Amino acid sequence: MFERIRASLSIRRYPWQELSCPACGNTQGEVLLARDRYLLRVNVKVCAGCGQIYTGRNLNRAALDSFYRDEYRRFYEDIEHISPAYIHDNRDKLKACYRLARIRERVGAITGVVEIGSGLGFFIRECRQSGIENVLGFEPCKLSADYAAKQSGLAGKIIDSDYCRYDGKLPQANVYALFHVLEHLPDPGELLRWIGDRIENGWLVIEVPDIAHGWERLGLINFHFGHRHYFSVGSLARLLQRHGFGVLAFDADMDDGIYPGNLRVFARRLDVPDIKFPALPAEDNREICRKVRRVGKAPWRNGLPRCAARLLRP
Ligand SMILES: [Zn+2]
């Protein structure tokens with residue numbers, strides 16, 4: 001408990017900065033929720049320019065790099081090492097099987113997989129076990145990358161640094177996957193450009209927490225500085241379009257066991273020939289903002305006691 005409180009106090013001393021919209025660069029917008037579940041001032045805003053919901057105040061990039069390298073799992077999950085109990089509770093293997101099945105339904109034959117933010121390596125391992133040999137994962141958290149290399153038998157298949165520092169060869173892959181990664185990145189467009197330059201006519205599969213629905217019962221717990229952007233299918237599709245991708249299909253799962261409100265989007269480059277990108281359903285951004293605002297208005301009813309209990313549990 002003391003370690004958890006220490007970590008939560010230390011994060012306040014990191015350098016914080018005011019941010020513009022990650023999608024369009026606009027700085028104007030209404031603050032919907034001022035403080036996150038750690039009571040850190042993150043100013044969750046709706047962009048006046050494009051409607052993207054994002055944290056208007058967050059850690060700067062250098063601080064974020066050291067945070068993900070050294071503190072991430074300790075801070076969020078209160079662990080110093082990856083134990084069998086932790087593995088069991090996270091059910092990463094089940095999630096990996098489920099994700100691979102959903103992707104196969106849409107994509108068909110998978111020739112290879114590049115995963116950014118591969119965590120403990122379960123998805124890459126699942127791909128290999130099902131016969132996909134061309135795989136590579138990027139995982140900046142050292143604890144996770146080491147686990148993947150040693151326990152998941154993926155030495156040489158997981159790069160323990162950022163994708164943008166990698167100058168090696170990428171495998172032939174028709175799937176690029178990001179599971180709960182994009183919402184953490186200071187500049188999601190930078191990663192989409194990097195992938196766009198490499199993916200050719202392959203599939204980009206992105207999972208993010210869905211801000212449109214599913215998360216309501218979490219209340220304030222849904223909001224923390226690690227999640228810098230809050231996507232719906234509409235705002236994610238707009239961001240993708242800015243970077244040359246179109247959305248072909250999406251799953252908005254309320255209860256798939258991954259996250260309450262898990263959005264999975266299947267996209268391809270807009271210039272892949274002979275593809276017709278369907279129109280997406282209309283979305284009411286005002287209603288989404290209303291739900292976020294409601295959390296800020298009554299934090300005691302909307303999760304603050306649960307946040308305190310998380311911090312204080314033995
Ligand atoms: Zn914007």
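Select strands E9 (175-179) and E10 (203-209): they pair in the parallel sense over five bridges. Two strands count as paired if DSSP finds at least two bridges between them. Helices (H or I, at least four residues) and strands (E, at least two) are DSSP runs, numbered from the N terminus. Residues are numbered from 1 along each chain as its sequence is written. The model is predicted: local features need pLDDT of at least 70, side-chain atom pairs count only at pLDDT 80 or more, and totals for chains, interfaces and linings use all residues.

**Strand E10**

Zoom in on Leu 178, whose bridge partner in E10 is Ile 206.

Now colour E10 by burial. A residue is buried if 20 or more other C-beta atoms lie within 10 Å of its own, exposed if 12 or fewer, and partly exposed in between, with C-beta atoms placed from the backbone. Seven of the seven residues of E10 are buried, so the strand is largely enclosed by the rest of the structure. One side carries Trp 203, Val 205, Glu 207 and Pro 209, and the other carries Leu 204, Ile 206 and Val 208. In a regular strand the side chains alternate between the two faces of the sheet.

Select strand E13 (residues 262-269), which pairs with E10 in the antiparallel sense over six bridges. Here Leu 204 stands opposite Ala 267.

Go back to Ile 206. Leaving aside its neighbours within four places in sequence, Ile 206 is in contact (C-beta atoms, placed from the backbone, within 7 Å) with Leu 178, Leu 182, Leu 236, Val 265 and Ala 267. Ile 206 is also among the residues that touch the most other members of the largest nonpolar core, along with Val 113, Val 175, Leu 204 and Leu 236. That core has 75 residues; a nonpolar core is a set of buried Ala, Val, Leu, Ile, Met, Phe, Trp, Tyr and Cys residues joined through C-beta atoms within 7 Å.

**The seven-stranded sheet**

Widen the view to the open sheet of seven strands, in the order E8-E7-E6-E9-E10-E13-E12, with mixed pairing. Its edge strands are E8 and E12 (245-253), each pairing on one side only. Helix H4 packs on this sheet, touching E9, E10, E12 and E13. The direction of H4 makes about 140° with that of E9; axes are lines fitted to C-alpha atoms, for helices over the stretch in contact, and angles run from 0 to 180 degrees between N-to-C directions.

**Helix H5**

Select helix H5 (residues 122-129). Six of its eight residues are buried, so H5 is largely enclosed by the rest of the structure. The buried ones are Phe 122, Phe 123, Ile 124, Arg 125, Glu 126 and Cys 127. They pack against H4, E6, E7, E8 and E9. After H5 comes Gly 131, whose phi is positive, near 100°.

**The four-stranded sheet**

Last, select the open sheet E2-E3-E4-E11, where the pairing is antiparallel. Strands E2 (29-35) and E11 (229-230) stand at the edges with a single partner each, so one side of each is left without a neighbour in the sheet. Five bridges join E2 to E3 (residues 41-47), and Gly 29 stands opposite Cys 47. Helix H9 (residues 285-297) packs on this sheet, touching E2, E3 and E4.

Technical notes
Contact = placed C-beta atoms within 7 Å.
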